[in-house]
Amino acid sequence: MKKITAAGQLKKGDHIKIVARAEKDNYDSVTVKKVIETDYGEEIIVNSRRNYYFVTRMMVRGDSWAGEVFKL
């Protein structure tokens, strides 16, 4: 496992582990569905229907629901 520490480290199809700030939101293994560049940074989409995503920059700063992300 490799800890994600900056934008550009993930791509569509990568398998990741998310250790969320709330235990109920943890993912042991989930596939990156899309990587989108926006005005506020890189968004990693993990579930389009439920609108589950995180902004990499916010995750690294500790401001995201996704506390830590690891590439499997």
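Strands here are DSSP runs of E with at least two residues, numbered from the N terminus. The model is predicted: local features need pLDDT of at least 70 and side-chain atom pairs pLDDT 80 or more, while totals for chains, interfaces and linings use all residues. Residues are numbered from 1 along each chain as its sequence is written, and side-chain values use heavy atoms, without hydrogens and water.

**Sheet.** I noted that β5 (residues 41–47) and β6 (residues 52–55) pair antiparallel over four bridges; pairing requires at least two DSSP bridges between two strands. The two strands form a hairpin with four residues between them, and N51 in the turn has a positive phi of about 60°. On the other pairing, I found five bridges joining β4 to β5, again antiparallel, with K34 opposite I45 in β5.

I then traced the open sheet, ordered β4-β5-β6. β4 (34–38) and β6 each have a single partner strand, so one side of each lacks a neighbour in the sheet.

**H15.** I placed H15 in strand β2 (residues 15–20). H15 is partly exposed at 42% relative accessible area (between buried, under 20%, and exposed, over 50%; 1.4 Å probe, protein chains only). Beyond neighbours within four places in sequence, I listed contacts of H15 with S29, V30, T31, F70, K71 and L72 (heavy atoms within 4.5 Å). I also recorded that the C-alpha atoms of H15 and I4, 11 residues apart along the chain, are separated by 12 Å.
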